[in-house]
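Thanks for coming. I will go through one model this morning, starting with a loop and then moving to a sheet and some charged pairs.

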Amino acid sequence: ITTMLKLNSIDKMLFDSSATADVTIEATWEVNKYDVIWDVDGVKTIVKDVPYGETIKKEADPEKTGYTFTGWNGYTDGMTMPAKDVTFTAVFEAKTFTVTFDANNGAWDDGDTTKTVTAAYGSALSAPVAPTRTGYTFQTWSPSVPTTMPAENATYKAIWTTAGKVDYTVETYLMNTEGTYDDVEAIVTGGTATIDAYVKVP
(Lines give C-alpha, C1' and ligand atoms only; values in the text may rest on other atoms or scores of the structure.)
Protein backbone atom coordinates (compact mmCIF):
# COMPACT_ATOMS: atom_id res chain seq x y z
CA ILE A 1 0.00 0.00 0.00
CA THR A 2 1.49 3.36 -1.03
CA THR A 3 1.14 6.65 0.86
CA MET A 4 -0.80 8.13 -2.05
CA LEU A 5 -3.52 5.51 -2.34
CA LYS A 6 -5.57 3.55 0.10
CA LEU A 7 -6.93 0.09 -0.36
CA ASN A 8 -10.62 0.39 -1.03
CA SER A 9 -11.78 -3.17 -1.50
CA ILE A 10 -10.77 -6.61 -2.66
CA ASP A 11 -12.72 -7.78 -5.67
CA LYS A 12 -13.58 -11.36 -6.28
CA MET A 13 -12.50 -12.61 -2.88
CA LEU A 14 -13.14 -16.25 -3.51
CA PHE A 15 -11.63 -18.54 -0.95
CA ASP A 16 -13.84 -21.53 -1.47
CA SER A 17 -11.60 -24.52 -0.82
CA SER A 18 -13.70 -26.46 -3.22
CA ALA A 19 -12.85 -24.21 -6.18
CA THR A 20 -11.64 -26.20 -9.15
CA ALA A 21 -10.13 -23.31 -11.16
CA ASP A 22 -7.60 -20.49 -10.67
CA VAL A 23 -9.01 -17.39 -8.95
CA THR A 24 -7.81 -13.82 -9.56
CA ILE A 25 -8.16 -11.35 -6.70
CA GLU A 26 -7.97 -7.68 -7.73
CA ALA A 27 -7.34 -4.75 -5.34
CA THR A 28 -9.12 -1.45 -6.03
CA TRP A 29 -7.66 1.85 -4.83
CA GLU A 30 -8.95 5.27 -3.89
CA VAL A 31 -6.78 8.40 -4.15
CA ASN A 32 -5.97 9.91 -0.76
CA LYS A 33 -7.09 13.47 -0.11
CA TYR A 34 -5.35 16.19 1.91
CA ASP A 35 -5.91 19.76 3.05
CA VAL A 36 -4.42 22.96 1.64
CA ILE A 37 -4.05 25.79 4.18
CA TRP A 38 -3.57 29.43 3.10
CA ASP A 39 -2.24 31.47 6.04
CA VAL A 40 -2.46 35.28 6.03
CA ASP A 41 -0.98 36.64 9.27
CA GLY A 42 -2.48 33.78 11.25
CA VAL A 43 -5.88 33.89 9.56
CA LYS A 44 -6.23 30.55 7.79
CA THR A 45 -8.36 29.53 4.84
CA ILE A 46 -8.55 25.74 4.58
CA VAL A 47 -9.36 23.95 1.32
CA LYS A 48 -10.22 20.41 2.35
CA ASP A 49 -10.00 17.09 0.56
CA VAL A 50 -7.75 17.93 -2.37
CA PRO A 51 -6.83 14.65 -4.14
CA TYR A 52 -3.19 13.62 -4.26
CA GLY A 53 -1.55 14.68 -7.55
CA GLU A 54 -4.19 17.26 -8.42
CA THR A 55 -2.98 20.74 -9.45
CA ILE A 56 -3.37 23.14 -6.51
CA LYS A 57 -5.53 26.16 -7.29
CA LYS A 58 -3.86 29.28 -5.92
CA GLU A 59 -5.81 31.62 -3.64
CA ALA A 60 -6.39 35.24 -4.69
CA ASP A 61 -3.63 37.63 -3.65
CA PRO A 62 -4.43 39.10 -0.21
CA GLU A 63 -4.23 42.81 0.61
CA LYS A 64 -2.70 44.46 3.65
CA THR A 65 -2.62 48.18 4.46
CA GLY A 66 0.84 49.65 3.96
CA TYR A 67 2.27 46.48 2.42
CA THR A 68 2.81 44.86 -0.98
CA PHE A 69 2.00 41.15 -1.32
CA THR A 70 5.04 39.34 -2.76
CA GLY A 71 3.82 35.74 -2.88
CA TRP A 72 2.94 32.56 -1.00
CA ASN A 73 5.84 30.95 0.83
CA GLY A 74 6.21 27.32 -0.31
CA TYR A 75 3.91 27.60 -3.32
CA THR A 76 4.97 27.46 -6.98
CA ASP A 77 2.73 27.88 -9.99
CA GLY A 78 1.40 24.59 -11.32
CA MET A 79 2.44 22.52 -8.32
CA THR A 80 0.43 19.41 -7.54
CA MET A 81 -0.92 18.12 -4.26
CA PRO A 82 1.66 16.14 -2.26
CA ALA A 83 0.85 13.18 -0.05
CA LYS A 84 0.30 15.34 3.02
CA ASP A 85 -1.45 18.49 4.21
CA VAL A 86 0.34 21.67 3.11
CA THR A 87 0.41 25.24 4.40
CA PHE A 88 1.28 28.29 2.31
CA THR A 89 2.01 31.53 4.17
CA ALA A 90 1.47 34.99 2.68
CA VAL A 91 4.62 37.13 2.41
CA PHE A 92 4.38 40.93 2.52
CA GLU A 93 6.86 43.77 2.05
CA ALA A 94 6.34 47.18 3.66
CA LYS A 95 5.74 50.05 1.25
CA THR A 96 7.84 53.22 1.42
CA PHE A 97 6.27 56.64 1.96
CA THR A 98 7.50 60.24 2.37
CA VAL A 99 6.42 62.73 5.02
CA THR A 100 7.18 66.45 4.75
CA PHE A 101 7.61 68.90 7.60
CA ASP A 102 6.68 72.44 6.49
CA ALA A 103 8.13 75.34 8.52
CA ASN A 104 5.15 77.51 7.49
CA ASN A 105 6.99 80.86 7.09
CA GLY A 106 9.71 79.77 9.48
CA ALA A 107 13.02 78.06 8.79
CA TRP A 108 15.67 75.81 10.26
CA ASP A 109 19.19 76.93 11.10
CA ASP A 110 20.47 75.59 7.76
CA GLY A 111 17.99 77.77 5.86
CA ASP A 112 15.65 74.94 4.88
CA THR A 113 11.94 75.68 4.96
CA THR A 114 10.94 72.02 4.61
CA LYS A 115 12.35 68.72 5.84
CA THR A 116 11.43 65.30 4.43
CA VAL A 117 11.63 61.76 5.81
CA THR A 118 11.30 58.71 3.54
CA ALA A 119 10.90 55.35 5.25
CA ALA A 120 8.96 52.08 5.25
CA TYR A 121 5.43 51.94 6.61
CA GLY A 122 5.35 51.20 10.32
CA SER A 123 8.95 52.25 11.00
CA ALA A 124 9.65 54.73 13.80
CA LEU A 125 8.95 58.37 12.99
CA SER A 126 9.91 61.50 14.92
CA ALA A 127 9.64 65.16 14.00
CA PRO A 128 12.80 67.20 13.40
CA VAL A 129 13.96 69.90 15.80
CA ALA A 130 11.39 72.71 15.66
CA PRO A 131 12.11 75.51 13.18
CA THR A 132 12.26 79.15 14.23
CA ARG A 133 10.45 82.30 13.11
CA THR A 134 11.21 85.83 14.17
CA GLY A 135 8.58 87.16 16.56
CA TYR A 136 6.86 83.82 16.90
CA THR A 137 7.01 80.78 19.14
CA PHE A 138 6.68 77.29 17.70
CA GLN A 139 3.59 75.61 19.14
CA THR A 140 3.09 72.21 17.46
CA TRP A 141 2.74 70.31 14.19
CA SER A 142 -0.57 70.01 12.40
CA PRO A 143 -1.83 67.37 12.08
CA SER A 144 -0.20 65.60 15.00
CA VAL A 145 2.87 63.58 14.03
CA PRO A 146 2.39 59.81 14.59
CA THR A 147 5.07 57.68 16.19
CA THR A 148 5.34 55.42 13.11
CA MET A 149 5.30 56.02 9.37
CA PRO A 150 1.74 56.31 7.99
CA ALA A 151 0.46 54.29 5.03
CA GLU A 152 0.52 57.33 2.74
CA ASN A 153 2.57 60.41 1.94
CA ALA A 154 1.78 63.20 4.38
CA THR A 155 2.63 66.82 5.23
CA TYR A 156 2.89 68.29 8.74
CA LYS A 157 2.82 72.07 9.08
CA ALA A 158 4.33 74.15 11.86
CA ILE A 159 1.85 76.10 13.99
CA TRP A 160 3.03 79.41 15.47
CA THR A 161 1.90 81.80 18.19
CA THR A 162 3.06 85.39 18.53
CA ALA A 163 5.93 85.81 20.95
CA GLY A 164 4.46 88.90 22.63
CA LYS A 165 5.94 92.39 22.24
CA VAL A 166 9.29 92.99 20.59
CA ASP A 167 11.54 96.03 20.46
CA TYR A 168 11.51 98.14 17.30
CA THR A 169 13.29 101.17 15.96
CA VAL A 170 12.06 103.65 13.32
CA GLU A 171 14.46 105.99 11.47
CA THR A 172 12.78 108.93 9.75
CA TYR A 173 14.57 111.04 7.12
CA LEU A 174 13.36 114.37 5.66
CA MET A 175 13.24 114.78 1.88
CA ASN A 176 13.99 118.23 0.42
CA THR A 177 12.14 119.87 -2.47
CA GLU A 178 14.59 118.40 -4.95
CA GLY A 179 13.56 114.89 -4.01
CA THR A 180 16.76 114.04 -2.22
CA TYR A 181 17.65 113.61 1.39
CA ASP A 182 19.77 116.14 3.21
CA ASP A 183 22.80 114.84 4.96
CA VAL A 184 21.24 115.14 8.34
CA GLU A 185 20.75 112.72 11.16
CA ALA A 186 17.64 110.64 11.12
CA ILE A 187 14.91 111.12 13.61
CA VAL A 188 15.01 107.91 15.60
CA THR A 189 12.08 106.63 17.59
CA GLY A 190 11.29 103.25 19.01
CA GLY A 191 9.33 101.20 21.45
CA THR A 192 7.76 97.80 21.73
CA ALA A 193 4.89 96.27 19.80
CA THR A 194 3.46 92.90 18.85
CA ILE A 195 4.35 91.34 15.52
CA ASP A 196 2.17 92.58 12.60
CA ALA A 197 0.82 95.46 14.74
CA TYR A 198 0.68 99.03 13.41
CA VAL A 199 2.99 101.56 15.03
CA LYS A 200 2.60 105.32 15.02
CA VAL A 201 5.51 107.29 13.54
CA PRO A 202 5.91 110.92 14.66
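Where does asparagine 104 lie? Asparagine 104 is in the loop between strand S7 (96-102) and strand S8 (114-120). When I say strand, I mean a DSSP run of E of at least two residues, numbered from the N terminus.

Before I go on, the ground rules. This is a predicted model, in which local features need pLDDT of at least 70 and side-chain atom pairs count only at pLDDT 80 or more, while totals for chains, interfaces and linings use all residues. Residues are numbered from 1 along each chain as its sequence is written, and side-chain values use heavy atoms, with hydrogens and water left out.

Back to asparagine 104. Its phi is near 55 degrees, a positive value in a residue other than glycine. Asparagine 104 is partly exposed, at 22% relative accessible area. The cut-offs are these: buried is under 20% relative accessible area, exposed is over 50%, and partly exposed is in between, with a 1.4 Å probe and protein chains only.

Aspartate 41 also has a positive phi, near 50 degrees. That residue sits in the loop between S3 and S4 and counts as exposed, at 51% relative accessibility. For context, most residues other than glycine have a negative phi, and most peptide bonds are trans. Proline 143 is in the loop between strand S9 (136-142) and strand S10 (154-162).

Now the sheet. Four strands form an open sheet in the order S4-S3-S6-S5, with mixed pairing; two strands pair if DSSP finds at least two bridges between them. Strand S4 (43-51) and strand S5 (67-73) are at the edges with a single partner strand each, so one side of each has no neighbour in the sheet. On average, neighbouring strands here are turned by 20 degrees against each other, direction ignored. The axes behind that angle are lines fitted to C-alpha atoms, for helices over the stretch in contact, and angles run from 0 to 180 degrees between N-to-C directions.

S3 and S4 are antiparallel, paired over seven bridges. In one of these, tyrosine 34 has valine 50 in S4 as its bridge partner. Aspartate 35 is in strand S3 (residues 33-40). Is aspartate 35 buried or exposed? Aspartate 35 counts as buried, at 15% relative accessibility. Leaving out residues up to four places away in sequence, aspartate 35 touches Ile46, Val47, Lys48, Asp49, Met81, Asp85 and Val86, where contact means heavy atoms within 4.5 Å.

Last, the charged pairs. How many salt bridges does the structure hold? There are four, a salt bridge being a side-chain nitrogen of Lys or Arg within 4 Å of a carboxyl oxygen of Asp or Glu. One of them joins aspartate 41 to lysine 64, at 2.9 Å from N to O. Aspartate 41 is in the loop between S3 and S4 and lysine 64 in the loop between S4 and S5, so the pair ties together parts 23 residues apart in sequence. Lysine 64 is partly exposed, at 30%.

Lysine 115 meets aspartate 110 in a salt bridge at 2.6 Å, N to O. Aspartate 112 also forms a salt bridge with lysine 115, the closest N and O atoms being 3.1 Å apart. Through shared partners, Asp110, Asp112 and Lys115 make one network.
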